[in-house]
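Welcome! Let's get to know this structure together through a few questions and answers.

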Amino acid sequence: MAQYSRVSGTVGLITLQNPPVNALCAAVRQGIVEMLKKALSDSKVKSVVICGQNGIFCGGADIKEFGMNMSGPPLVQVIHAIEDANKPMVAAIEGVALGGGLELALGCHYRIAHSKARLGLPEVILGLLPAAGGTQRLPRLIGVPAALDLITTGRHVIAAEALQLGIVDQVTDHKTVDAAVKLAQSVAGKPLDARRISTYPCARPSDLDALFEGEMQKVRQRARGAIAPVACVQAVQAAATLPYTQGIEREKELMVTLFTSGQARALQYLFFSQRAVSKWSTPSGARWDTSKPGPIHKVAVIGLGTMGRGITVALAQTGLSVVAVETQEKQLMGAKKAVSNMLEQGAKRRGVAPTLDKISYSPNIQAIADADLVIEAVFEDMALKKQVFQQLAAVCKPGTFLCTNTSSLDVDQLASQTRSPELVVGMHFFAPAHVMKLLEVVYGPRTSPQAVATAMELGKKMGKVSVAVGNCQGFVGNRMLKLYLEQAFFLLEEGATPELVDRALEEFGFAMGVFRMSDLSGLDVGWKVRKGLMLGETDVSSGQSARIRQGCRYSPLGDLLCEQGRFGQKTGQGWYQYDKPGGRVASSDPWLHSFLESYRAKHGLVARHIDHQEVLERCLYAMINEGFRILEEGIAAGPEDIDVIYVFGYSWPRHRGGPMFYADMVGLAKVLERLEHYQQAHPDVPYLQPCSLLRRLVASGSPPIQRWREVIKKPHSQL
Ligand SMILES: CCCCCCC[C@H](O)CC(=O)SCCNC(=O)CCNC(=O)[C@H](O)C(C)(C)COP(=O)([O-])OP(=O)([O-])OC[C@H]1O[C@@H](n2cnc3c(N)ncnc32)[C@H](O)[C@@H]1OP(=O)([O-])[O-]
């Protein structure tokens with residue numbers, strides 16, 4: 001797990017060996033201790049280089065070990081042994097030095113990095129803090145403000161920035177280990193006292209208290225209930241105010257609190273879930289490791305509205321050739337300008353050249369004849385999309401993959417418009433498509449494994465977190481969202497206000513409550529969908545109430561607002577009012593409150609007190625219950641898929657892991673009991689009826705989320 005050799009006569013070389021990222025598991029830590037002893041006792045060795053196998057220095061502590069009984073030497077002690085060494089220790093950083101990996105390097109007396117290496121302390125993203133001395137050494141090395149930035153955001157820096165900040169001493173474009181050996185030779189025999197970072201005083205800016213107060217405020221606001229960023233600030237504060245040994249104690253104390261919190265578990269679950277979803281499988285047996293993606297050199301985008309423009313930008317940024325087709329001349333001109341602007345801005349931010357020349361524009365669909373893959377992004381209307389698919393079938397060369405960017409329409413119906421339904425797959429992007437990380441890849445019963453693999457691979461190239469899901473109304477994300485929204489509407493009918501509902505959800509950790517979010521995305525979007533589903537109109541002839549549609553409870557509140565032209569932020573009025581159309585600051589709207597009162601009076605509804613707990617239970621458990629149905633139907637392969645979709649596409653608070661993880665944390669029996677309670681109270685809302693999978697899980701003793709798949713696969717009769 002760590003290898004020792006002597007190179008160039010006088011340099012000891014310790015190589016970390018734990019593929020794929022040389023994580024610091026117990027065996028690696030033990031290996032370092034033993035190899036260090038060897039190097040220090042070898043009289044021929046005058047200095048030592050530590051490097052990682054296969055061009056990767058170290059990805060940090062082994063996250064898989066968290067939650068288990070820790071064995072082997074603690075990392076903090078391993079790093080102290082390195083720092084205390086009486087021969088110069090040099091870290092040769094290639095690939096990455098992250099978390100414990102960077103902390104290990106900070107324990108060395110010198111650091112040299114390859115120009116392409118990335119360094120960082122991303123523990124905060126896992127609900128932790130850099131607890132192997134990172135919070136104490138980094139501020140001593142680069143100052144409090146820069147250390148706070150890196151530790152509280154977890155962002156990676158490339159070698160050039162690391163050099164500028166003073167994290168590394170040298171950057172090389174050549175073979176890192178060779179350069180490190182040279183450096184080690186050049187510093188052999190030199191005094192080391194001034195190279196031990198733990199002995200440095202921490203530079204204290206004069207306005208230290210104000211600095212930490214400001215930082216704490218900023219971090220709390222950004223964290224939305226996550227505790228790790230706050231603990232990170234507290235740990236750095238300890239570095240700035242306490243001697244090193246006391247600072248280390250404080251770091252440990254804070255880490256223990258984080259370690260045992262549900263938040264760290266949630267964030268680590270998410271880390272592995274994000275990686276697990278790329279290893280997709282479908283109920284028909286198609287799998288990521290047996291399905292080869294088709295070669296894609298040229299991609300066409302049809303329709304350059306908001307979504308088409310974002311998709312075009314995201315594609316051009318991958319370096320692929322893109323043909324962007326928009327039949328309306330005026331829209332095409334506007335799109336060209338908008339896409340170029342977005343590409344230029346993005347390139348400026350990333351410090352690269354814009355890839356404008358990757359795109360050719362055309363008003364003519366014939367221009368896509370030689371594309372390898374087409375993404376249709378026309379208006380969300382089945383008749384129109386069918387027409388486009390018929391055209392695609394006629395124009396495209398044989399074998400072209402045909403993708404539709406739809407948020408809820410039936411992918412199979414579109415596939416049936418072509419001669420090769422096996423090449424049709426849904427690619428549900430989220431707006432703005434060049435920014436949002438999530439991509440739902442939707443396969444139908446006839447979609448070939450190769451088409452799924454190709455869309456997943458393209459998503460990866462575009463920097464998306466892609467999740468393969470089955471075809472159904474709304475797929476995974478919007479199917480669950482519909483119930484969340486509906487419950488929020490019902491709560492208004494029963495006496496809540498948009499402010500109360502939003503506050504409960506924002507305190508839970510959502511960046512925006514459901515009503516503020518719906519104002520931002522536009523109330524008319526859902527209105528059009530509901531009309532398409534024939535839910536937006538009452539069947540007066542049947543004598544039914546406006547609050548019953550298709551035999552179930554329905555709230556027409558959203559429709560009524562739209563009928564008044566209140567589409568949300570864009571019109572300056574929605575569930576809230578705004579200073580102007582397009583304004584961003586929401587304020588409470590007295591009109592809306594009196595509208596709700598007269599609505600309740602008209603329908604004989606008596607407002608009652610509703611508390612935050614009911615808001616959370618009604619909105620979240622309804623959605624979670626649907627998640628169980630989705631699992632039972634095989635639309636999502638596992639709970640991880642649903643959780644990744646919600647975190648990356650719907651701003652579910654990361655530190656709560658996702659809706660299904662949250663259900664596991666709350667306890668499945670409790671979720672079941674509350675659903676039964678609400679179902680009894682609202683018998684006209686059939687979807688509150690607990691899903692049979694949830695019942696089966698509870699009957700099986702509520703296994704942890706990692707074992708749900710075993711119960712999902714088990715036929716009902718075996719229980
Ligand atoms: C009181 C207690 C004291 C404790 C002391 C704490 C010390 C310290 O402060 C805590 C830490 O370091 S916390 C850690 C801080 N470090 C981080 O947060 C870094 C986390 N890692 C990353 O950001 C990315 O993986 C890399 C950028 C390293 C590589 O990206 P890429 O090239 O796109 O590759 P990829 O697809 O991402 O990963 C490939 C495979 O490696 C796996 N794996 C990866 N890292 C792992 C780890 N540390 N561990 C285990 N496994 C790890 C990954 O699951 C995947 O496995 P699969 O089975 O094949 O699916």
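Helices and strands here are DSSP runs, numbered from the N terminus. Keep in mind that this is a predicted model.

Q: Where does phenylalanine 475 lie, in the loop between which strand and which helix?
A: Strand 17 covers 465-470, and helix 17 covers 477-494. Phenylalanine 475 sits in the loop between strand 17 and helix 17.

Q: Is phenylalanine 475 buried or exposed?
A: A residue counts as buried if 20 or more other C-beta atoms lie within 10 Å of its own. Phenylalanine 475 has 26 C-beta neighbours inside 10 Å, so it is buried.

Q: What is the phi of phenylalanine 475?
A: Most residues other than glycine have a negative phi. Phenylalanine 475 is not a glycine, yet its phi is positive, at about 55 degrees.

Q: Is serine 702 buried or exposed?
A: Serine 702 is found in the loop between helix 27 (692-699) and helix 28 (708-713), and its phi is also positive, near 50 degrees. It has 20 C-beta neighbours inside 10 Å, and therefore serine 702 counts as buried.

Q: Which residue does a cis peptide bond join to alanine 431?
A: Most peptide bonds are trans. Here the bond is cis, with omega about -10 degrees.

Q: What is the omega of the cis peptide bond that joins proline 19 and proline 20?
A: Proline 20 belongs to the loop between strand 2 (11-16) and helix 1 (26-41). The bond joining proline 19 to proline 20 is cis, and its omega is about 5 degrees.

Q: Which helix gives the most to the shell around the ligand?
A: The ligand is surrounded by 29 residues, and the closest are Gly59, Gly60, Ala61, Gly99 and Gly100. At least two shell residues come from each of strand 5 (96-98), helix 3 (100-107), helix 10 (244-259) and helix 11 (262-276). With four residues, the top contributor is helix 10.

Q: Which residues have the most contacts inside the largest nonpolar core?
A: In soluble globular proteins, nonpolar side chains tend to be buried together. The largest nonpolar core in this model has 222 residues. Val49 touches several residues, including Val11, Leu13 and Val90. The residues with the most contacts inside the core are Val49 and Val90.

Q: How many Å separate the centres of domain 1 and domain 2?
A: The domain assignment gives domain 1 as 2-259 and domain 2 as 298-475. Taken over C-alpha atoms, their centres are separated by 43 Å.

Definitions and conventions. Residues are numbered from 1 along each chain as its sequence is written. This is a predicted model: local features need pLDDT of at least 70, side-chain atom pairs count only at pLDDT 80 or more; totals for chains, interfaces and linings use all residues. Domain bounds come from an automatic or database domain assignment. A residue is near a molecule or strand if its C-beta atom, placed from the backbone, lies within 6 Å of it. A nonpolar core is a set of buried Ala, Val, Leu, Ile, Met, Phe, Trp, Tyr and Cys residues joined through C-beta atoms within 7 Å. A residue is buried if 20 or more other C-beta atoms lie within 10 Å of its own, exposed if 12 or fewer, and partly exposed in between; C-beta atoms are placed from the backbone. Two residues are in contact if their C-beta atoms, placed from the backbone, lie within 7 Å. Lists of a residue's contacts leave out its neighbours within four places in sequence.
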